[in-house]
Amino acid sequence: MTKFDASQRQVLDLDPMRHARVLGAPGSGKTMLLVESFARVSDLDGWGEGDVLVLAPNRLVGADLRGRIERRVARPIGGTFVRTAPSLAFAVLQRQAALRGVDAPRLLTGTAHDEVIESVVAAALEQGLQGVPFAPEVLLSDAFRAEMRELSRVLDDFALQPNELVAKLRASGVDRTSDAAEFAAQWVSALELLEVVKSRLAESRPGELSSSALLRAACEVLRADAEVQVPRLVLIDAA
């Protein structure tokens, strides 16, 4: 039987219907408490399978957590009780699609995203790079494509469209300020390329969303659609 200190018992005594954030240094037992919390809440009166979900930062950690929880609970557990955030988002969108009788979105892979960015860059190079403040060797690099995907992810996080951010930059006048003009031109150019990428994806891969876009779409569904719900308690490892 694992013995818990006073601070750990305080975590285990938290009301499972209240939001809480548990802070602790590496090795202080946060994941152990998550496993124990899952087991204890699952045994509470009125709580059943599917009421508790664990979110893991990646699949590898998720597989380890699944095993640890199964060993602690020591009984079969139905359903998918450990997921990553994109996996949960996909499940939410699948549920809404099923209720509406439409096709669920599919995951846009990084490789497919890369290919479209590469084709857009190639087209820009063929047109002579007018107004593009990047050297050809930069545009053709793996690092540039990775940065473009990262910029796309950040826009998804803040629910911004590339053309919206371009408009904000231009309205602020930063692109006409001498000290910042060069950097603003780079941002505007990257965003304009990303807008073309977005249009190209809509044409060639309709219904596909990047991992970050899946998360944003699922958040919007949970805010707006009462028929689609998540489990009563979501435990997040390494939030």
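Biologist: Where does aspartate 51 lie?

Modeller: This is a predicted model. In it, aspartate 51 sits in the loop that runs between helix H2 (30–42) and strand S1 (52–56).

Biologist: Why is aspartate 51 called buried?

Modeller: Its relative accessible area is 18%. Buried means under 20%. So aspartate 51 counts as buried.

Biologist: What does the side chain of aspartate 51 reach?

Modeller: The backbone nitrogen of glycine 48, at 2.8 Å. The cut-off for a polar contact is 3.5 Å. Aspartate 51 also touches Gly46, Pro231, Arg232 and Leu233, when residues up to four places away in sequence are not counted.

Biologist: What sits over the ring of tryptophan 47?

Modeller: The charged end of arginine 232, 3.9 Å from the ring centre. The distance limit for such a placement is 6 Å.

Biologist: How many aromatic pairs does a search of the whole structure find?

Modeller: Two. One of them joins phenylalanine 38 and phenylalanine 81.

Biologist: Why is the pair of phenylalanine 38 and phenylalanine 81 called tilted?

Modeller: The ring centres are 5.6 Å apart, and the planes stand at 50°. Centres must lie within 6.5 Å to pair; under 30 degrees is stacked and over 60 is edge-to-face.

Biologist: Are phenylalanine 38 and phenylalanine 81 buried or exposed?

Modeller: Phenylalanine 38 has 4% relative accessibility, so it counts as buried. Phenylalanine 81 has 6%, so it counts as buried too.

Biologist: Which residues have the most contacts inside the largest nonpolar core?

Modeller: Leu139, Phe144, Met148, Leu151, Leu191, Leu193 and Val197, in a core of 23 residues. Helix H5 (110–126), helix H7 (142–157), helix H8 (162–172) and helix H9 (181–204) each give two or more residues to this core. H9 gives the most, with seven residues. Apart from this core lies another, of 17 residues, including Phe38, Val54, Leu65 and Ile69.

Biologist: What is valine 197 in contact with?

Modeller: His113, Val116, Ile117 and Val120, leaving aside neighbours within four places in sequence.

Biologist: Why does histidine 113 count as buried?

Modeller: Histidine 113 is in helix H5. Its relative accessibility is 6%. The limit is 20%, so histidine 113 counts as buried. Beyond its neighbours within four places in sequence, histidine 113 contacts Leu108, Arg149, Ser152, Val197 and Leu201.

Biologist: What makes leucine 201 buried?

Modeller: Leucine 201, in helix H9, has a relative accessible area of 13%. That is under 20%, so leucine 201 is buried.

Biologist: How many helices and strands does the protein have?

Modeller: There are 10 helices and five strands.

Biologist: Why is the protein called more spread out than a compact globule?

Modeller: Its radius of gyration is 23 Å. The globule rule gives 18 Å for 239 residues. The value is well over that, so the protein is more spread out than a compact globule. Its C-alpha trace spans about 70 × 45 × 30 Å along the principal axes.

Biologist: What share of the 239 residues counts as buried?

Modeller: The share is 35%.

Methods: Residues are numbered from 1 along each chain as its sequence is written. This is a predicted model: local features need pLDDT of at least 70, side-chain atom pairs count only at pLDDT 80 or more; totals for chains, interfaces and linings use all residues. Side-chain values use heavy atoms; hydrogens and water are left out. Helices (H or I, at least four residues) and strands (E, at least two) are DSSP runs, numbered from the N terminus. Buried means under 20% relative accessible area, exposed over 50%, partly exposed in between (1.4 Å probe, protein chains only). A polar contact is a pair of N or O atoms within 3.5 Å; within protein, one must be able to donate a hydrogen and the other to accept it, and residues adjacent in sequence count only if both atoms are side-chain atoms. Contact means heavy atoms within 4.5 Å. A nonpolar core is a set of buried Ala, Val, Leu, Ile, Met, Phe, Trp, Tyr and Cys residues joined through side-chain atoms within 4.5 Å. Rings of Phe, Tyr and Trp (its six-membered ring) pair if their centres lie within 6.5 Å; planes under 30 degrees apart count as stacked, over 60 as edge-to-face and the rest as tilted. A charge sits over a ring if NZ of Lys or CZ of Arg is within 6 Å of the ring centre and within 35 degrees of the ring normal. The radius of gyration is taken over C-alpha atoms; the globule rule is 2.2 Å times the number of residues to the power 0.38.
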